Amino acid sequence: MWATSTNLIAISPAGATAVVIGATATTTVGNELEVIGDLLVSGTASSTTYLAGAGLVGTPSHSFAGDPDTGIFDGTGSGDQLNFTTAG
């Protein structure tokens, strides 16, 4: 449903418990929205939980669009260390 007066879009297929976007996307149990590919959010996005992979020195889990090898990662996989990297 598209509302031109508010520029809002609502996707709610009949009987669906999840919305999946992307040619190769498959629903993951517990996810109400799954996007395979890039997602741009303009404004504020909030969540009670955010999960990311462990990452590595050259490819940190949390990085910057213009500097993808600088950021924060947990390279040990143990979840007990917070590592920062610059220039991979």
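**Exercise 1. Find out how many helices and how many strands the chain of this predicted model has, and in what order they run.**

Step 1. Start with the count: the chain holds zero helices and seven strands.

Step 2. Now walk along from the N terminus, and you will read β-β-β-β-β-β-β.

Step 3. Since this is a predicted model, look at the confidence too. The mean pLDDT of the chain is 74, with 58% of the residues at 70 or more. Strand E1 (residues 2-3) has the lowest confidence, a mean of 48, while E6 has the highest, at 92.

**Exercise 2. Work out which strands pair with E6, and in which sense.**

Step 1. Begin with strand E5 (residues 62-64), which pairs with E6 in the antiparallel sense over three bridges. For a landmark, take His-62, whose bridge partner in E6 is Ile-72.

Step 2. Look at the link between these two strands: E5 and E6 make a hairpin, and two residues lie between them.

Step 3. Turn to E7. Strands E6 and E7 run antiparallel and are joined by three bridges.

**Exercise 3. Decide whether Thr-85 is buried or exposed, and describe what surrounds it.**

Step 1. Locate the residue: Thr-85 belongs to strand E7 (residues 83-85).

Step 2. Compare its accessibility with the cut-off. Buried means under 20% relative accessible area. Thr-85 has 8% relative accessibility, so it counts as buried.

Step 3. List the neighbours. Leaving out residues up to four places away in sequence, Thr-85 touches Val-57, Pro-60, Asp-69, Thr-70, Gly-71 and Phe-73.

Step 4. Zoom in on Val-57: its backbone oxygen is 3.2 Å from a polar atom of the Thr-85 side chain.

**Exercise 4. Decide whether Asp-74 is buried or exposed, and say where it is found.**

Step 1. Find Asp-74 in the loop between strand E6 (67-73) and E7.

Step 2. Apply the cut-off again: because its relative accessible area is 15%, Asp-74 is buried.

Definitions and conventions:
Residues numbered from 1 in each chain as written. Predicted model: local features only at pLDDT ≥ 70, side-chain atom pairs only at ≥ 80, totals over all residues. Heavy atoms only, no water. Helix = DSSP H or I, 4+ residues; strand = E, 2+ residues; numbered from the N terminus. Buried < 20%, exposed > 50% of the residue type's maximum accessible area, 1.4 Å probe, protein only. Polar contact = N/O pair within 3.5 Å; in protein donor to acceptor, adjacent residues only side chain to side chain. Contact = heavy atoms within 4.5 Å. pLDDT = per-residue confidence, 0-100. Pairing = 2+ DSSP bridges.
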